[in-house]
Every structure is written in C-alpha cells, then in structure tokens.
Amino acid sequence: MIDLRAKIREVPDFPTPGVGFKDITPLLADPQALRETVRQLASWIEQKNCDLVIGAEARGFILGPAIAMEANVGFVPARRPGKLPPETISVTYALEYGQNSLELHPDLIPKGSKVVIHDDVLATGGTVEGIRKLVEQLGAEVVGTCFIIELTFLEGRKRLDGMDVHALITY
C-alpha cells in the first residue's frame, strides 16, 4: 500500500500568509500514487451508484475525469465564470480566504440524476456547498462528495451536514 500522505507537500504562507497550502502535485507526478488515488476514489464512487462526477475547478478536474472513467460514469466540470460556452448557471460562494464563483452546463445534469462532487481538498466546504445548490436547482441529487485531502480543523463537514463525505487523507 502506498503512503499517499507522504506524497503531499505543504507550502507555507501560500496563497496568503498563515495558510499551509497542501500541494498534491508530487502525488500526481508519482504514477503509483496517482493510480492508487484514482482507484480508491473510484471504488468509493462506484458504491454510490451515481450517474456523474462533477469536478470543481481547478484541481477538482485534474483527477475528476480519471475517477469518473474508472467508476464508469460521466464527468462534468464546474468552471470559473466565462470558461464554458454556451448556456450556464452559476453560484458565488465563500472560501477560507475570499470568495469564488463556478458555472455548470445545465443540459449535462439531467433532472433526477445522481451526482458525486469531487474536489482535491475539503477546507470550509464552500465550493461543494455552492455546487450542491446548482445540482439541486437542476433537480438532480448529490449522493456524495469525495476528496483527496480533508482539512478537519476548518470543519468543512459541518457545512456539508447531511452529505456523505469521503476523504483519503486528513489533516
């Protein structure tokens, strides 16, 4: 078994002073760690019997398509404003150090579909909470959320109360 935690690099004071950024790029650069990460997340997603994985920009859709493919489901990106043509719906939400907005193609998330939201890190939960609002607005259901890393000290799970949350590594 590969120690995935050993493949995470902490970058102090990035992107702002006081933040210890968890850098997943060493994990992505290691083929065995990358394969194991995709395998573990896809295995969890397969148990959710979902139709789609939604990956949050930017790092949520680095692995999102690979996880979706391994789990034999579709993938939909949640992107920053102005990146997706033609019609989109959007949400603005708070982050641990600012705010952000994401957009989705409404025609790619059919009413009644079951969705898992994937992002690299669960911090405050704002990103997932925002995507969840969009998914529910479209009449679909979020059946779970999965992450490589969860920063438990930021208590993002509280914000996602009632959602099935899965993380491979916790800090």
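This is a predicted model: local features need pLDDT of at least 70, side-chain atom pairs count only at pLDDT 80 or more; totals for chains, interfaces and linings use all residues.
Is Lys 158 buried or exposed? I looked this up before anything else. Lys 158 is exposed, at a relative accessible area of 60%.

Residues are numbered from 1 along each chain as its sequence is written, and side-chain values use heavy atoms, with hydrogens and water left out.

**Entry: salt bridges**

Side chains of opposite charge can pair when their charged atoms come close. I take a salt bridge to be a side-chain nitrogen of Lys or Arg within 4 Å of a carboxyl oxygen of Asp or Glu. By this rule I have a count of 11 salt bridges. I looked up three of them.

Lys 158 is paired with Glu 155 in a salt bridge, at 3.5 Å from N to O. Glu 155 is partly exposed, at 43% relative accessibility.

Asp 164 forms a salt bridge with Lys 48, and the N to O distance is 2.4 Å. Asp 164 is in the loop between helix 5 (156-159) and strand 9 (165-170), and Lys 48 is in the loop between helix 2 and strand 3 (52-56), so this pair ties together parts 116 residues apart in sequence. Helices (H or I, at least four residues) and strands (E, at least two) are DSSP runs, numbered from the N terminus. Asp 164 is partly exposed, with 33% relative accessibility.

Glu 129 belongs to helix 4 (residues 126-137) and Arg 159 to helix 5, so the pair ties together parts 30 residues apart in sequence. I find Glu 129 partly exposed at 23%, and Arg 159 partly exposed at 32%.

**Entry: helix 2 and helix 3**

Two packed helices are described by the angle between their axes and the distance between the axes. How do helix 2 and helix 3 cross, and at roughly what angle? The axes of helix 2 (residues 31-46) and helix 3 (residues 60-71) cross at roughly 55° and come within 8 Å. I note that axes are lines fitted to C-alpha atoms, for helices over the stretch in contact, and that angles run from 0 to 180 degrees between N-to-C directions. Helix 2 is therefore oblique to helix 3. Angles under 35 degrees count as roughly parallel, over 145 as roughly antiparallel, 65 to 115 as roughly perpendicular, and the rest as oblique.

Contact means heavy atoms within 4.5 Å. On helix 2 the contact is made by Leu 34, Thr 37, Val 38, Leu 41, Ala 42, Ile 45 and Glu 46. On helix 3 it is made by Leu 63, Ala 66, Ile 67, Glu 70 and Ala 71. I sort the residues of this contact into nine nonpolar, one polar and two charged. Here Ala, Val, Leu, Ile, Met, Phe, Trp, Tyr, Cys and Pro count as nonpolar, Asp, Glu, Lys and Arg as charged, and the others, Gly among them, as polar.

Gln 40 counts as buried, at 18% relative accessibility. Leaving aside neighbours within four places in sequence, I find Gln 40 in contact with Met 1, Leu 4 and Leu 168.

Leu 138 sits in the loop between helix 4 and strand 8. Leu 138 is buried, at 18% relative accessibility. With neighbours within four places in sequence left aside, Leu 138 touches Ile 89, Pro 106, Ile 109 and Lys 111. From Leu 138 to Glu 57 I have 20 Å in space, C-alpha to C-alpha, and 81 residues in sequence.

**Entry: backbone**

Glu 57 is joined to Ala 58 by a cis peptide bond, with omega about 5°. Ala 58 is in the loop between strand 3 and helix 3. The peptide bond from Phe 14 to Pro 15 is also cis, with omega near 5°. Pro 15 lies in the loop between strand 1 (9-12) and strand 2 (20-23).

What is phi of Asn 49 near? Phi of Asn 49 is near 50°, a positive value in a residue other than glycine. Asn 49 is in the loop between helix 2 and strand 3, and is exposed at 60% relative accessibility.

Glu 155, from the salt bridge with Lys 158, has a positive phi too, near 55°. Glu 155 is in the loop between strand 8 (141-150) and helix 5.

How values were computed. Buried means under 20% relative accessible area, exposed over 50%, partly exposed in between (1.4 Å probe, protein chains only).
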